[in-house]
Amino acid sequence: MEPLLTVEGLTKRYGRRLACDGIGFTLDPGEVLAVVGESGSGKSTLLSLVAGEVAADAGSVAYRLRDGATRDLDTLSVVERRALMRTDWGFVRQDATQGLRMAVSAGGNVGERLMGVGDRHYGRIRATALDWLARVEIAPDRIDDPPTRFSGGMRQRLQIARNLVTAPRLVLMDEPTSGLDVSVQARLLDMIRGLVAELGLAVIIVTHDLAVARLLSHRVLVMRAGRVIETGLTDQVLDDPQAAYTQLLVSSVLAA
Amino acid sequence: MNAPDLASATVSAGTGYNFAYLDEGTKRMIRRAILKAIAIPGYQVPFAAREMPMPYGWGTGGVQVTAAILGAADVLKVIDQGADDTTNAVSIRRFFTATAGIATTTRTAEATVIQTRHRIPEAPLAEGQVLVYQVPIPEPLRFLEPRETETRQLHALAEYGLMHVKLYEDIARHGHIATTYAYPVEVAGRYVMDPSPTPKFDNPKMDDCPALQLFGAGREKRIYAIPPHTRVRSLDFEDHPFRVQSFDRPCALCGAEDVYLDEVVLDDAGGRMFVCSDTDHCETRRADGHTGEAA
């Protein structure tokens, strides 16, 4: 099967510092890839490069579009790229205030993408929003509340609903569970796992939490100082780490 | 708008100022912006707005557009909330009488240039007339997207989904589209535009209007336009179509129906009456013998 996403030689420098050094991987449809590593290892930069939010110094990102053609994202026009990001891709941010419109109600947040692709029927938009709020376990009577009145966990769930409403095939997640307390984290992870399986989403999830990687991902990419140290199936890498750094990372997890 | 008579245009009206206050170089720059705005209906053209001898928010943009298009033979009408006799309207009329020596009027039909704040006259406009709007905030997407770089991109790519998010919020909160002024319109099937804080009651008058409509925002330094006979469509949802306000009574002075009314408080015991916001329209009707219940 042809991969959904093919990343080759992605490199980004900030001045003399190398944030990402020649990173390459492929992602199949429905596959969940976790990018793990300590703070400052270049995980979030990698995600920004893949999403095209930061211009890479070298390397390419190719994506298989819905019509089956694989295109280098650099060759897409701004219009095509923005349409792709709005419909076929999702981006769940670490900081929900970056990923949501905080002054707009939950329903408006979920409906924005629908209106962006031309839906002009209020009743239908609202019904879809209600459906998605239910799927991310937000009570229907909160549909008209702005996310400023939501807890951290609810905000993340709302972000997920807002991204999934157009049925994307690829979702990028940047530390979606950080800053949440453990029980809320567990519930959110459970929900993400359910949705990913149900919708057959391909996901790149950046996390420093190996438990998140173990729970959600099929494959793991271990990063350190801008380089990929080790990559492989999640169980394989976490149970039998080969690289010294990965061994250190795995052994520094506290057993509950 | 009559073609400026260049011989008299540069002659000051005895005030020490150039004709219509602005220097000819500035007028030329503003006219270029106006021409571009007419060529791209609804597109906000940046221009180098000058300091005017009035505070921002009092119509510095409209005054500059008016100054740039006035000719010696023009007849100017200025309205503020529909009225010819409010401070802002009187001051701007006097300003151009003093600096350009042109004729002014309060009669819509007699004017060649009408500068307005917040209303479109009730009397239908005709070909050859120019309506100049004073605009405080030209960007319809501003309150949803604060970044100017982003709003420009949204306009360039005609990505107007965000505008509907605003209307969605209205319906979600109030059960209907509660935006009553500065109601966004789509011009000539392309650009979404803020019609300035006119009541949405006036939006239908913009559509296929025989007069030229120019919009000037002084503080924000933008000019935009609707050429004569251009399609102007108010945004809405399929199941919540655009509707204008309706009033359950006629004007108390002239008995006019289907006009925009102002509420006037009469005393401190709850007395009030509703009268035409367009004073010229009301006076014309009364002169023609129409009377309302309070007249």
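This is a predicted model: local features need pLDDT of at least 70, side-chain atom pairs count only at pLDDT 80 or more; totals for chains, interfaces and linings use all residues.
Student: How many aromatic pairs does a search of the whole structure find over all chains?

Tutor: Residues are numbered from 1 along each chain as its sequence is written, and chains are lettered from A and ligands numbered from 1 in the order in which they are written. Rings of Phe, Tyr and Trp (its six-membered ring) pair if their centres lie within 6.5 Å; planes under 30 degrees apart count as stacked, over 60 as edge-to-face and the rest as tilted. Over all chains, the number of aromatic pairs found is 13.

Student: Which kind of aromatic pair do B:Tyr17 and B:Tyr21 form?

Tutor: The ring centres of B:Tyr17 and B:Tyr21 are 5.1 Å apart. Their planes make 45 degrees, and the pair is tilted.

Student: Is B:Tyr21 buried or exposed, or does it fall in between?

Tutor: Buried means under 20% relative accessible area and exposed over 50%, with partly exposed in between (1.4 Å probe, protein chains only). B:Tyr17 has 42% and is partly exposed. The value for B:Tyr21 is 22%, and this residue counts as partly exposed.

Student: How many residues apart in sequence are the parts that B:Tyr21 and B:Phe95 tie together?

Tutor: B:Tyr21 and B:Phe95 form a tilted pair, 5.3 Å centre to centre with 55 degrees between the planes. B:Tyr21 lies in the loop between helix H1 (6–9) and helix H2 (24–39) of chain B, whereas B:Phe95 belongs to helix H4 of chain B, so the parts that the pair ties together have a sequence separation of 74 residues. Helices (H or I, at least four residues) and strands (E, at least two) are DSSP runs, numbered from the N terminus. Ring pairs also bring B:Phe96 into a cluster with B:Tyr17, B:Tyr21 and B:Phe95; the separation asked for is 74 residues.

Student: At what distance from the ring centre of A:Phe91 does A:Arg93 lie?

Tutor: A charge sits over a ring if NZ of Lys or CZ of Arg is within 6 Å of the ring centre and within 35 degrees of the ring normal. In chain B, the charged end of B:Arg190 is over the ring of B:Tyr191, 4.2 Å from its centre. A:Arg93 lies over the face of A:Phe91 at 3.9 Å.

Student: In what order do the seven strands of the open sheet in chain B stand?

Tutor: Two strands pair if DSSP finds at least two bridges between them. The pairing in this sheet is mixed, and the order is S1-S9-S8-S5-S4-S2-S3.

Student: Which residue in S5(B) stands opposite B:Thr116?

Tutor: Strand S4 (residues 113–117) and strand S5 (residues 130–134) of chain B are parallel and pair over four bridges. Opposite B:Thr116 stands B:Tyr133.

Student: What is the radius of gyration of chain A?

Tutor: Chain A has ten helices and ten strands. The radius of gyration is taken over C-alpha atoms, and the globule rule is 2.2 Å times the number of residues to the power 0.38. For 256 residues the rule gives 18 Å, and chain A comes close to this, so it is as compact as a globular protein of that length, with a radius of gyration of 18 Å.

Methods:
Side-chain values use heavy atoms; hydrogens and water are left out.
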